[in-house]
Amino acid sequence: MNGAVIPLQAAAGDCSNAPVLRERGQREVFCGLTGIVWLHRKIQDAFFLVVGSRTCAHLIQSAAGVMIFAEPRFATAIIDERDLAGLADAQDELDRVVTRLLERRSDIRMLFLVGSCPSEVIKLDLSRAAARLSQRFAPQVRVLNYSGSGIETTFTQGEDACLAALVPGLPALADGAEASLVVVGALADIVEDQFSRLFAQIGVPRVAFLPARLSSAMPAVGPGTHFILAQPFLADTARALEARGARRVAAPFPLGAEGTTRWFEAAAAAFGIAAAKVAEVTTAPRQRAQAALARQRIALEGKSVFFFPDSQLEIPLARFLVRELGMQLTEVGTPYLHREHMADELAWLPAGTSLSEGQHVDKQLDRCRAARPDIVICGLGLANPLEAEGLTTKWAIELVFSPIHGYEQAGDLAELFARPLRRRQLLAA
Ligand code: SF4
């Protein structure tokens with residue numbers, strides 16, 4: 001139903017019930033394999049083996065190719081074209097590749113078989129392969145599988161699929177154990193360390209992160225677990241955690257000073273800790289963030305921004321730009337709108353914001369050209385043509401690769417939007 005507007009009544013003052021333009025058409029996004037670029041850095045004893053084609057190998061090499069280590073932690077097992085009769089051979093071949101890899105690399109403790117979208121790979125049952133190989137290499141190595149294919153919504157879904165695959169194997173929280181908090185979503189180590197320190201000062205007990213830096217340190221979960229999302233694209237992971245009895249703490253996302261404060265407040269409230277305690281602990285970092293944002297506001301205030309759907313970070317980022325930097329929103333596109341997870345964010349977006357979900361790229365390009373925004377946030381494939389048309393762009397994928405969460409990163413996050421505007425000004429001078 002291309003271009004259909006769902007006629008919902010917009011609430012006065014915010015976007016909680018705002019109408020959303022839903023589009024289904026050609027999309028311009030990366031596939032979920034891209035997540036390997038940041039996930040392999042995060043889980044330090046894991047290896048990601050893409051089961052795919054030469055195209056997948058090229059994607060992974062070019063996305064992560066700058067990091068050629070002596071001992072890389074990702075690779076592609078290329079499954080060439082074969083008919084169904086050749087599938088048994090493909091399973092044998094996969095076993096051979098995995099055996100060779102694990103014999104050579106005794107540092108690997110967790111191996112992800114990452115599915116992709118070529119038809120030969122879709123026919124392969126990777127969950128069976130993972131179960132078989134896990135049995136064979138236990139207890140030294142656990143073998144899991146997930147799909148990073150381009151058939152799914154967008155590239156951040158690769159992380160969601162990876163974390164959701166981890167959940168069933170997480171240890172169980174012992175009966176009667178003290179309640180714990182799990183922060184869900186891969187964060188830069190520096191951000192994780194800052195968050196750990198603040199949680200400790202606030203007095204939230206037993207805080208753990210999913211994913212952990214080591215496969216042996218993954219958090220225990222159970223009915224005593226509260227979890228809070230640090231990334232807005234983790235719907236399947238949240239569902240899997242809820243299936244284990246864990247309860248989600250509803251909150252906006254920790255982007256910008258305001259989002260970070262409310263995120264800490266929500267987590268603290270789940271443990272009966274008052275907002276005043278959070279305010280006391282976070283005063284200094286919050287003031288540092290606000291000062292950094294005031295400096296960036298000079299370049300950004302009043303500027304208009306258009307989001308193409310790409311990372312699923314669009315709505316929290318739009319909220320940050322409009323509320324903390326005074327920017328104007330033209331259209332906020334997102335690949336997928338999870339209303340429940342986005343409830344606090346939508347309540348912060350000004351009424352009248354144009355929201356869209358999914359993509360019909362040609363129609364959206366027309367709307368973008370008509371809006372002539374000061375800056376466009378989009379995928380790599382759209383950035384160059386739009387720049388050639390005189391529009392200023394920012395690659396959405398950079399926002400996922402950079403540490404942007406929390407107080408100390410708020411200024412850097414704003415800078416990611418200010419820099420392309422400054423560059424355009426210099427070019428025009
Ligand atoms: S998974 Fe699909 S979209 Fe991604 S690189 Fe491989 S073939 Fe391309």
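Reader: Which residue in S15 is the bridge partner of Ile377?

Author: Lys394 is the bridge partner of Ile377 in S15. The model is predicted: local features need pLDDT of at least 70, side-chain atom pairs count only at pLDDT 80 or more, and totals for chains, interfaces and linings use all residues. Residues are numbered from 1 along each chain as its sequence is written.

Reader: What makes S14 and S15 paired strands?

Author: Strands are DSSP runs of E with at least two residues, helices runs of H or I with at least four, both numbered from the N terminus. Two strands pair if DSSP finds at least two bridges between them. S14 and S15 (residues 393-395) have 3 bridges and run parallel, so they pair. S11 (residues 304-307) is also joined to S14 by 3 bridges, in parallel, with Phe307 partnered by Ile377.

Reader: Why is the unit of S14, helix H14 and S15 called right-handed?

Author: A crossover is right-handed if, with the strands pointing away from the viewer, the path from the first strand over the helix to the second runs clockwise. S14, H14 (residues 380-388) and S15 make such a right-handed β-α-β unit.

Reader: What makes both faces of S14 covered?

Author: A residue is buried if 20 or more other C-beta atoms, placed from the backbone, lie within 10 Å of its own, exposed if 12 or fewer, and partly exposed in between. Ile375 and Ile377 on one side of S14 (residues 375-378) are buried, as are Val376 and Cys378 on the other. In a regular strand the side chains alternate between the two faces of the sheet.
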